[in-house]
Amino acid sequence: MRVHVTGATGYLGRELVRLRPDATTERVEVRDAAAVAELLARLRPEVVIHTAYRQDEPDVNTVGSENVARAAAAVGARLIHLSTDVVYDGRKGSPYVEEDPLSPVTDYGRAKAEAEVRVALAHPGALLVRTSLIYGGETPSKHEVAARDPSSTFFTNEIRNPVQVGDLAAALLELAALDLSGPLHVAGADAVSRAAFAQLVARRPVRGEPARAARPLDCSLDSSRAQALLRTPLRGVCDVLR
């Protein structure tokens with residue numbers, strides 16, 4: 001199976017390439033539709049795993065993702081598009097399932113929600129993988145770096161499902177071989193606060209405070225559908241970091 005990874009120099013992308021060193025990783029500007037189309041027409045991948053994003057550049061997430069989706073569809077490649085749990089506002093009161101309507105409250109969440117819509121229109125067969133805080137690679141993630149900073153303060157009421165990067169990458173490569181489309185939640189088994197996650201990483205007490213009202217709160221994801229499909233366990237952070 002010929003796999004192409006966008007964002008291969010990023011945290012998740014590097015792990016995907018470590019597991020699949022034969023994957024193609026050539027980079028182009030994803031906001032340039034012609035460049036993306038030319039690249040995929042030349043490489044002819046069977047599967048594209050789109051991990052490239054920018055936290056503070058919405059058009060990378062929206063226009064860029066749409067360009068990748070359109071180009072993948074044009075060459076008949078399956079597409080796995082990485083999305084996020086903060087496409088939800090966290091006010092549901094129970095874990096989100098794939099059918100729950102999108103309700104972002106941050107600029108990044110709104111951009112990723114729009115990206116999901118654009119990708120689904122450009123490539124109706126795309127798999128939209130929503131995940132959570134990624135950690136545990138060969139180098140520390142930005143979340144781990146922050147956790148080890150004694151000057152940092154963490155939200156006590158913002159709930160997420162951290163996922164170990166190797167688990168997520170292995171799950172994505174399994175999913176690449178399956179004929180699936182639409183949204184799918186692929187996150188760690190444990191729903192913990194940002195403060196509890198930081199404490200597990202730092203292995204010491206951390207400073208905590210409630211999140212502001214405008215923040216996404218309990219964005220925990222129900223990943224039972226994905227776990228039923230996968231051999232790879234989606235381990236909880238409490239087991240990984242105990």
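A salt bridge here is a side-chain nitrogen of Lys or Arg within 4 Å of a carboxyl oxygen of Asp or Glu. By that rule, the count for this model comes to 24 salt bridges. Before you click around, know that the model is predicted: local features need pLDDT of at least 70, side-chain atom pairs count only at pLDDT 80 or more, and totals for chains, interfaces and linings use all residues. Residues are numbered from 1 along each chain as its sequence is written, and side-chain values use heavy atoms, with hydrogens and water left out.

**Stop one: Arg42 and Glu26.** Select this pair, where the closest N and O atoms of the salt bridge are 2.8 Å apart. Arg42 is in helix H2 (residues 33-43) and Glu26 in the loop between H1 and H2, so the bridge ties together parts 16 residues apart in sequence. Helices are DSSP runs of H or I with at least four residues, strands are E runs of at least two, and both are numbered from the N terminus. Arg42 is partly exposed at 43% relative accessibility. Buried means under 20% relative accessible area, exposed over 50%, and partly exposed in between (1.4 Å probe, protein chains only).

**Stop two: Arg225 and Glu99.** Here the side chains meet in a salt bridge at 2.6 Å, N to O. Arg225 sits in helix H9 (residues 224-229) and Glu99 in the loop between strand S3 (78-84) and H5, so this pair ties together parts 126 residues apart in sequence. Glu99 is exposed, with a relative accessible area of 53%.

**Stop three: Arg231 and Glu174.** Their salt bridge is 3.8 Å, N to O. Buried or exposed: which is Arg231? Arg231 counts as exposed at 73% relative accessibility, while Glu174 counts as buried at 13%.

**Stop four: Glu116.** Find Glu116 in helix H5 (residues 107-122). Glu116 is buried, with 3% relative accessibility. Its side chain makes a polar contact with the side chain of Ser83 at 2.6 Å; such a contact is a pair of N or O atoms within 3.5 Å, where within protein one must be able to donate a hydrogen and the other to accept it, and residues adjacent in sequence count only if both atoms are side-chain atoms.

Select Glu29, Arg31, Arg54, Glu57 and Asp59 together: salt bridges that share partners join them into one network.
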